[in-house]
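Reader: I am new to this structure and would like to learn how to read its charged features. Could you take me through them step by step?

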Amino acid sequence: MSQQLPSHAQIVIIGGGIVGCSTAYHLTKMGYKDVLLLERKELGSGTTWAAAGLVAQLRQNQEMTNLAKYATELYPKLEEETGVATGYVTTGALGVCQTEDRRREWLRGSAMAAAFGVEMYEVSLKEAEEMVPGMSTEGLVSAFYLPNDGQTNPLETAQALIKGARMRGAKVFENTRVTGIKLNNGTVCGVSTEYGDISCDYVINCAGMWGREIGKMAGVSIPLHAAVHMHAITKPIEGLKKIFPCVRDFDGRTYFKADNSAILFGGFEEIAKPWGMKGIPDNFKFTELPEDMDLFEVFMECGLERFPALETAEIRHMSYCAESFTPDNAFLVGEAPGVKNLLVACGMNSVGIASAAGAGRAIAQWINQGYPEEQLWPVDVRRYFSWQQNSKYVHDRVIESVGILYEHHYPNRQRTTARPVICSPVHDRLAQNGACFSMVAGWERADWFAPEGVEPVHQYSWGRANWFDSQGEEHRAIREGVGMYDLTSMHKYLLQGPDAEAALQKLCAGDVAVPVGTIVYTPILNDRGGFETDFTVTRIAEDTFFIVTAVGTGVRDFDYIKRRIPSDAKAYITDVTHGYTMLALMGPDARKVLSKLTDEDLSNEGFPFRTAREIDLGYARVWAFRISYVGELGWELYIPSCFATGVFDAIMEAGKEYNLRLVGMQAVNSLRMECGYRHWESDITPDDTPYEAGLGFCVKLDKGDFDGRAALIKQKECGITRRLVLFTLEDPGPMLYKNEPIFRNGAPISQTTSGAYGYTLGCSVAMGYLKNPEGITNDWILSGKYEILVEGKMYPARVHLRAPYDPKGERTKM
């Protein structure tokens, strides 16, 4: 080492790929000078050097798109700032479609792009051939053009970023391997290296393929696994432009990039090849893996169809490298759960070059102000559970996850590998009754129930999928009779102790100082008044509260609550998720079925709405919560898991008289949509306040101080400029899912946050925010003419200030 390793740094970054370099760049840009980057070998020698350098803008939501768009703004400016050329070129991109279904996906994508501020439009096949001379459009049905996508040289871009960081004081040590992370009372306090220890205030894991091992040093789950990733580069081909738009043929699973009149092509195969099962060799540096032409065959086949000149072209180089992928093909950013001041930015799933700029900026913002400017839940490291670092799980899933980027992105698309992982106690009974299962956070959940003689298998569609009719029957069973669904996957915590109430009162916007047996739905807000989460809190004893939250946010919510319990408080939180099975019995006849199984008074007077009580049910003692997420009379039954099968059987037997029907998650979603029940991440996020979301009634400003109160008081005084409303389509045909553009008086105003078919309403229903800088009023909302764009066609929509079904919420209180 030519430099002396410092004994202290304010911020230590582990990993010198493009993400680590970007993080250092943005931290120093914000004024942090004591930044130390440690790289095990040489900068960019892990994965960055082998990347294709594509910079695509459009992602699955507005926030992720903003992150990707930022790269197209930053990379072209780096040479002027640092003197290091990045080779960035705005080439544009062309997405081609071999099938009508793919065209439908891209039509939805182009509408979404317009809503997100990304230029994208359909072009004729003739226009596509003119943009890319030498490309064949034979077998294609359509093409879409994104003029502002680009490409960059990965290593040079990383060097430009780290040069900018060094110019502002950052230090870089190559050939310095981190061997440990030091903690003090759950907070980062230093790292160990092969050359000595360094104390620090923050550690950022940007270690790429090594990120999982770095996470283990601090007891943090970083689920990723390496897989073989490959591309080929030809020698120059006569007739090809030096630069042409990147061609993406998702149906052929292949992309084609201009490379000085040559073609660089590769892609994302359906069945990938995991690598590094026995660990990554210590000498891994700019390492290429053995050729595997069988693996590359799918890209060659597509290449010969799309660019006939490849038949005679010479291949200059075949590149087989290792790259890390996560179970859901989305990268990992944010503060690690359970450890303070340990942040993560890795597992980039082959979009690291395009995402590094935004990810580095987000991490810098996280350190600087405690949160990123963009709502980043789709890539938040807290979406993963500790068990998901399991070696076999990440190995088996990476076989599928590589190909996710180029698959058909149908609504409700399910993963098929590494299943099952977690099953509720009644899973086998659901399967025996025809359940087709979906998977969330490892939990197998009944998605819908196939009628007798029909195979319970998902057949996806942009229109009405094969479960549409079954979902409708389940939906109507709860609306008109009685249905039961299994939501054991919901996360459940006990917050206990003499100071439990005080801790919750400070955390919750709702008032939880209630009598024992009372259920409170409450927002949990940040300092800006936005939803960090929402859940129900039930007081089951003077010093004990039972919290129920969503399955996907289980780690995030537990960590969020635990961090905000004062260190001197006599209160502690315990995760009891697996201790209780939750069966929800819902519908007008729910009381009749339950009355056959218990002596408890279930009348409105004896068991009011939002009341919880421990009751006899069958041979068990269960907690019955009179609450509903589907807008009908019913109870959520929290059953000690060892009693679950007996209770399930008893309910099914008692329900025969009333034609009790088992119900899946698809119907639960369509039921909640008709009632306007919000869903965190989609309809309410850290950027949305209760007043904007129409949930102001849940806020109790007069109870005393709580997180976000000051922001809400200010907003209430100033008034809101955006509000969540509901829409129903006048045409019963189109399906709404999410991110469909909303037009008011012919001009785009926002996009849907979630959508589903409303079987009671006979049309699709969606939610979305309306914005007016001059202020939102009911008159302004109702005075507009609304349309929603679906697959290239405008459909008239009716706006609703309250839920289109049971707008007064009377049916839950029957």
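Reader: Which residues form a negative surface patch here?

Author: In this predicted model, the negative surface patch is formed by Glu-138, Asp-294, Glu-297, Glu-301 and Glu-305. One of these residues, Asp-294, has its place in helix H8, which covers residues 293-306.

Reader: Does Asp-294 count as buried or exposed, and why?

Author: Exposed means over 50% relative accessible area, and Asp-294 counts as exposed because its relative accessibility is 68%.

Reader: How should I read a salt bridge, and how many salt bridges does a search of the whole structure find?

Author: Side chains of opposite charge can pair when their charged atoms come close. A search of the whole structure finds 45 salt bridges. In one of them, the side chains of Lys-182 and Asp-197 meet at 2.6 Å, N to O. This pair links distant parts of the chain, with Lys-182 in strand E10 and Asp-197 in strand E12, 15 residues apart. Lys-182 counts as partly exposed at 35% relative accessibility, and Asp-197 counts as partly exposed at 42%.

Reader: Where do Glu-674 and Arg-479 lie, and are they buried or exposed?

Author: Glu-674 forms a salt bridge with Arg-479, their closest N and O atoms being 3.0 Å apart. Glu-674 lies in helix H17 and Arg-479 in helix H12, so the pair ties together parts that are 195 residues apart in sequence. Buried means under 20% relative accessible area; Glu-674 counts as buried at 0%, and Arg-479 counts as buried at 4%.

How values were computed:
Residues numbered from 1 in each chain as written. Predicted model: local features only at pLDDT ≥ 70, side-chain atom pairs only at ≥ 80, totals over all residues. Heavy atoms only, no water. Patch = residues over 30% accessible without salt bridge, like charges linked within 9 Å, V, L, I, M, F, W, Y side chains within 5 Å. Areas by Shrake-Rupley, 256 points an atom, 1.4 Å probe, with all protein chains shown as cover. Salt bridge = Lys/Arg side-chain N within 4 Å of Asp/Glu carboxyl O. Lys, Arg positive; Asp, Glu negative; His and termini not counted. Charge placed at Lys NZ, Arg CZ, Asp CG, Glu CD. Helix = DSSP H or I, 4+ residues; strand = E, 2+ residues; numbered from the N terminus. Buried < 20%, exposed > 50% of the residue type's maximum accessible area, 1.4 Å probe, protein only.
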